[in-house]
Amino acid sequence: MRTAYHEQLEALTTQLGEMCGLAGAAMERATQALLQADLVLAEQVITDHEQIAAMSARAEESAFVLLALQAPVAGDLRAIVGSIQIVADVDRMGALALHVAKIARRRHPQHALPEEVNGYFAEMGRLAVELGNSAQEVLVTRDPEKAARISEDDDAMDDLHRHLFTVLMDKEWKHGVAAAVDVTLLGRFYERFADHAVEVARRVIFQVTGKHPTEVDMPASR
């Protein structure tokens with residue numbers, strides 16, 4: 001009975017890792033669609049999101065079945081409850097990539113971004129993909145030290161997000177209100193993607209150690 005339980009829990013963890021990988025790949029394609037005004041890529045992200053949503057529903061159902069049928073305690077209970085929370089984080093990561101793709105599609109054939117901020121979003125996209133991959137690795141390896149290091153890329157994302165506001169508030173901004181709104185929303189989407197990846201790592205640390213990461217160890221998700 002316990003062997004079957006642990007096999008099911010391992011399968012759930014693997015599924016969560018795959019979802020993280022899909023979310024990272026979605027954000028990579030969404031970023032390319034945004035920077036290149038590529039409608040085909042944007043549509044692909046939008047269509048592929050159904051796969052993430054379906055996996056999310058299956059993973060959540062599996063976690064609740066384990067919770068209901070196995071009556072877990074202590075570490076096993078942490079693992080299952082944490083997995084339910086991780087499902088929500090990864091599902092949100094996929095949704096944020098979807099939002100980026102939808103803005104790219106809405107502005108097509110024009111570019112959603114003024115050229116002067118392309119570099120910011122290229123780097124934010126790169127960091128988002130790295131964070132998605134890192135979250136996937138942490139889920140698979142269950143390594144608390146690797147989980148704690150995810151916050152470094154999140155700090156870099158936060159710095160880029162702050163710098164974007166410097167550009168938007170500059171009196172030399174000549175791209176109008178609509179472009180400013182797009183840039184503000186898009187910056188927030190990338191920042192939140194990073195925050196959810198960090199939250200996945202925080203939850204893995206708690207699953208493995210039974211201790212919540214402190215404010216010193218990792219920044220709290222917003």
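The legends below describe close-up views of a predicted model.

**View 1**
The largest nonpolar core of the model holds 66 residues. Leu34, Phe121 and Tyr190 are the residues with the most contacts inside this core. At least two core residues come from each of the helices α1 (2-36), α2 (39-70), α3 (74-107), α4 (118-141), α5 (144-169) and α6. Helix α3 supplies the largest share, 14 residues.

**View 1. Surroundings of leucine 34.**
Residues up to four places away in sequence are left out of this view's contact list. With that exclusion, leucine 34 touches Val100, Ala104, His111, Ala112, Leu113, Phe121, Leu186 and Tyr190. Phe121 and Tyr190, listed here as contacts of leucine 34, are also named with Leu34 as the residues with the most contacts inside the largest nonpolar core.

**View 2. The two annotated spans.**
An unreviewed UniProt entry lists residues 17-103 and 122-204 under "domain: PhoU". In the model, residues 17-103 are 94% helix and 0% strand, and the C-alpha atoms at the ends of this span lie 27 Å apart. Residues 122-204 are 90% helix and 0% strand, with 29 Å between the end C-alpha atoms.

Most residues other than glycine have a negative phi, and most peptide bonds are trans. The bond from histidine 108 to proline 109 is cis, and its omega is near 10°. Proline 109 is placed in the loop between α3 and α4.

**View 3. Alanine 37, a positive phi between α1 and α2.**
Alanine 37 is not a glycine, yet its phi is positive, about 50°. The residue lies in the loop between α1 and α2. Alanine 37 counts as buried because its relative accessible area is 13%, under the 20% cut-off.

With a relative accessible area of 26%, arginine 142 is partly exposed. Threonine 13, in helix α1, is in contact with Leu139 and Arg142 when neighbours within four places in sequence are left aside. Is threonine 13 buried or exposed? Threonine 13 counts as buried, at 13% relative accessibility.

Side chains of opposite charge can pair when their charged atoms come close. A search of the whole structure finds 14 salt bridges. In one of them, the side chains of aspartate 159 and arginine 162 meet at 2.2 Å, N to O. Both residues lie in helix α5, 3 residues apart, about one turn of the helix. Aspartate 159 is partly exposed, at a relative accessible area of 35%.

**View 4. Arginine 192 and aspartate 195 in helix α6.**
The closest N and O atoms of the salt bridge between arginine 192 and aspartate 195 are 3.2 Å apart. Helix α6 carries both partners, 3 residues apart, about one turn of the helix. Arginine 192 is buried because its relative accessibility is 16%, under the 20% cut-off. Aspartate 195 is buried as well, with a relative accessible area of 1%.

Glutamate 199 and arginine 202 form a salt bridge through their side chains, 3.6 Å from N to O. Both lie in helix α6, with a separation of 3 residues, about one turn of the helix. Glutamate 199 and arginine 202 are both buried.

**View 5. Nonpolar surface patch.**
Val177, Val181 and Leu185 form a nonpolar patch on the surface. Together these residues have about 260 Å² of accessible area. Valine 181 belongs to helix α6, which spans residues 176-209. Valine 181 counts as partly exposed because its relative accessibility is 41%, which falls between the 20% limit for buried and the 50% limit for exposed.

Notes: Residues are numbered from 1 along each chain as its sequence is written. This is a predicted model: local features need pLDDT of at least 70, side-chain atom pairs count only at pLDDT 80 or more; totals for chains, interfaces and linings use all residues. Side-chain values use heavy atoms; hydrogens and water are left out. Patches are made of residues with over 30% relative accessible area and no salt bridge: like charges are joined within 9 Å, nonpolar side chains (Val, Leu, Ile, Met, Phe, Trp, Tyr) within 5 Å. Accessible areas come from the Shrake-Rupley method with a 1.4 Å probe; for residues, only the protein chains shown count as cover. A salt bridge is a side-chain nitrogen of Lys or Arg within 4 Å of a carboxyl oxygen of Asp or Glu. Helices (H or I, at least four residues) and strands (E, at least two) are DSSP runs, numbered from the N terminus. Buried means under 20% relative accessible area, exposed over 50%, partly exposed in between (1.4 Å probe, protein chains only). A nonpolar core is a set of buried Ala, Val, Leu, Ile, Met, Phe, Trp, Tyr and Cys residues joined through side-chain atoms within 4.5 Å. Contact means heavy atoms within 4.5 Å. UniProt positions are given in the numbering used here, feature names are shortened, and annotations may be inferred rather than shown by experiment.
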